Amino acid sequence: MNPKKSRVFSGARPTGRQHLGNYLGAINNYIALQEEYDCIYCIVDLHALTTMETTRDLRQNILEMAYDFLAAGMDPQKSIVFVQSHVPQLTELHTILSMVTMLGKLTDLPTFKEKARMQPQNINYGLVGYPVLMTADITLYKAEFVPVGIDQAPHIEFAREIVRSFNYRYNTNCLIEPQMKVTKVPKVLGTDGVQKMGKSLNNHIELAATPEETQQRVMTMVTDPQRQRRSDPGRPEVCNVFSMHKVFSSPEEVESIERDCRSAGIGCVDCKKLFAKNLNAHLAGFRQRRTEIAARPDEVIDILQDGAKRARVIAEATMQEVRAAVGML
Ligand code: TRP
């Protein structure tokens, strides 16, 4: 870790194999930040427990996610990559921070209300404390910047409040108020062309899929609903396949697709085939690396263990300051 660089921390829930939405929305950005910042990336298994019905697939999902991160270019030499529960200091800080967090504020958060609505049978204590645990994540490593999607804004704002309360209450400045670093990405829609891409909606395209599976998925993508026949002119501006071409195809291709779609010179089938081809070409290197990485899970576990070891050193240093500030013996 380079002490001159500012520190970035981000957490991602272990959702297993990652898809294009994760890639464009988070992973690409995580990788890019490694150049300029001292980055810590955490697979937040404890946060995942708050909404899980079963932990049957938890281990595998953590590994699959780690394979994707590493294959995409997360570099354990440059950054710390680890699993949240491997650093026990986190839960200690979480407990201490919970004393300066008002319960009413937690239950007022829109993110809490939404989750409570989603799982009325399981409004557990952990769900309420979710943002406190997240604050502990960020502050334990003294991160200044947190790259997240805009949906996490209330949590980061809340984290700042908790830090202020803590520092004020214990007359210290040992915890740092983190700043949000909003990831600027277009919302990635699923193959339905309407909803955000997500595994639970089964409208996703997995990064690690085979070229054939990718093509199959791409062929189900919904295009301009007004374009019923091949001879109808299309409207690229409302077409999800076109917005994907803008990300994965060359500027020349994008230009000709746009023109030919409007004039019905190209049909949706050919347009999708071209997208599938370009996407597969884009992901070929990633997929090759992923296959090699996934063939050696023990090495990946070693990388995660090493990351946790380095994370624990930072965490323990922070906790010594925290315990002293609180007045523990
Ligand atoms: N709450 C984040 C999400 O749902 C995950 C997360 C946990 C996180 N701890 C974090 C993100 C710390 C940033 C920093 O996506």
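Leaving aside residues up to four places away in sequence, Gln 34 touches Lys 5, Cys 39, Tyr 41, Gly 73, Met 74, Asp 75, Lys 78 and Ser 79. In this predicted model, Gln 34 sits in the loop between helix 1 (20-33) and strand 2 (38-43), and it counts as buried because its relative accessibility is 3%.

## The ligand and its shell

Which residues are closest to the ligand? The ligand is surrounded by 13 residues, and the closest are Arg 13, Tyr 130, Met 134, Asp 137 and Gln 152.

| Residue | Ligand atom | Distance |
|---|---|---|
| Arg 13, polar side-chain atom | oxygen | 2.9 Å |
| Asp 137, side-chain N or O atom | nitrogen | 2.8 Å |
| Gln 152, polar side-chain atom | nitrogen | 3.0 Å |

On its own the ligand has 370 Å² of accessible area, and the protein covers 93% of it. Two or more residues of the shell are given by each of strand 1 (7-12), helix 7 (125-140) and strand 4 (145-148), and helix 7 supplies the largest share, with four residues. Sorted by class, the shell consists of seven nonpolar, four polar and two charged residues.

## The protein as a whole

The protein has 13 helices and five strands. For 329 residues, a compact globule would have a radius of gyration near 20 Å, and the value of 22 Å for the protein agrees with this. Taken along the principal axes, the C-alpha atoms fill a box of roughly 80 × 40 × 40 Å. Of the 329 residues, 47% are buried, while the accessible surface of the protein comes to about 16,600 Å², with 53% of that area belonging to carbon and sulfur atoms.

## Two residues with positive phi

Most residues other than glycine have a negative phi. Lys 142, however, has a phi near 50°, a positive value, and this residue is found in the loop between helix 7 and strand 4. Asn 171 likewise has a positive phi near 50°, and its place is in the loop between helix 8 (153-169) and strand 5 (179-182).

How exposed is Lys 142? Lys 142 counts as partly exposed because its relative accessibility is 22%, a value that falls between the 20% limit for buried residues and the 50% limit for exposed ones. Asn 171, at 73% relative accessibility, therefore counts as exposed.

Lys 142 is also a contact partner of Thr 318, which touches Thr 139, Leu 140, Lys 142 and Leu 175 when residues up to four places away in sequence are not counted. Thr 318 belongs to helix 13 (residues 297-326), and with a relative accessibility of 1% it counts as buried.

## Two further buried loop residues

Leu 109 lies in the loop between helix 5 (103-108) and helix 6 (110-118), and it counts as buried because its relative accessibility is 10%. Apart from neighbours within four places in sequence, Leu 109 is in contact with Pro 131, Pro 154, His 155 and Phe 158. The C-alpha atoms of Leu 109 and Asp 302 are separated by 38 Å, the two residues being 193 residues apart along the chain.

Where is Thr 223 found? Thr 223 occupies the loop between helix 9 (211-219) and helix 10 (240-248). Its relative accessible area is 14%, so Thr 223 is buried. Not counting residues up to four places away in sequence, Thr 223 touches Cys 239, Val 241, Cys 268 and Lys 272.

Methods: Residues are numbered from 1 along each chain as its sequence is written. This is a predicted model: local features need pLDDT of at least 70, side-chain atom pairs count only at pLDDT 80 or more; totals for chains, interfaces and linings use all residues. Side-chain values use heavy atoms; hydrogens and water are left out. A residue is near a molecule or strand if one of its heavy atoms lies within 4 Å of it. A polar contact is a pair of N or O atoms within 3.5 Å; within protein, one must be able to donate a hydrogen and the other to accept it, and residues adjacent in sequence count only if both atoms are side-chain atoms. Accessible areas come from the Shrake-Rupley method with a 1.4 Å probe; for residues, only the protein chains shown count as cover. Ala, Val, Leu, Ile, Met, Phe, Trp, Tyr, Cys and Pro count as nonpolar, Asp, Glu, Lys and Arg as charged, and the others, Gly among them, as polar. The radius of gyration is taken over C-alpha atoms; the globule rule is 2.2 Å times the number of residues to the power 0.38. Buried means under 20% relative accessible area, exposed over 50%, partly exposed in between (1.4 Å probe, protein chains only). Contact means heavy atoms within 4.5 Å.
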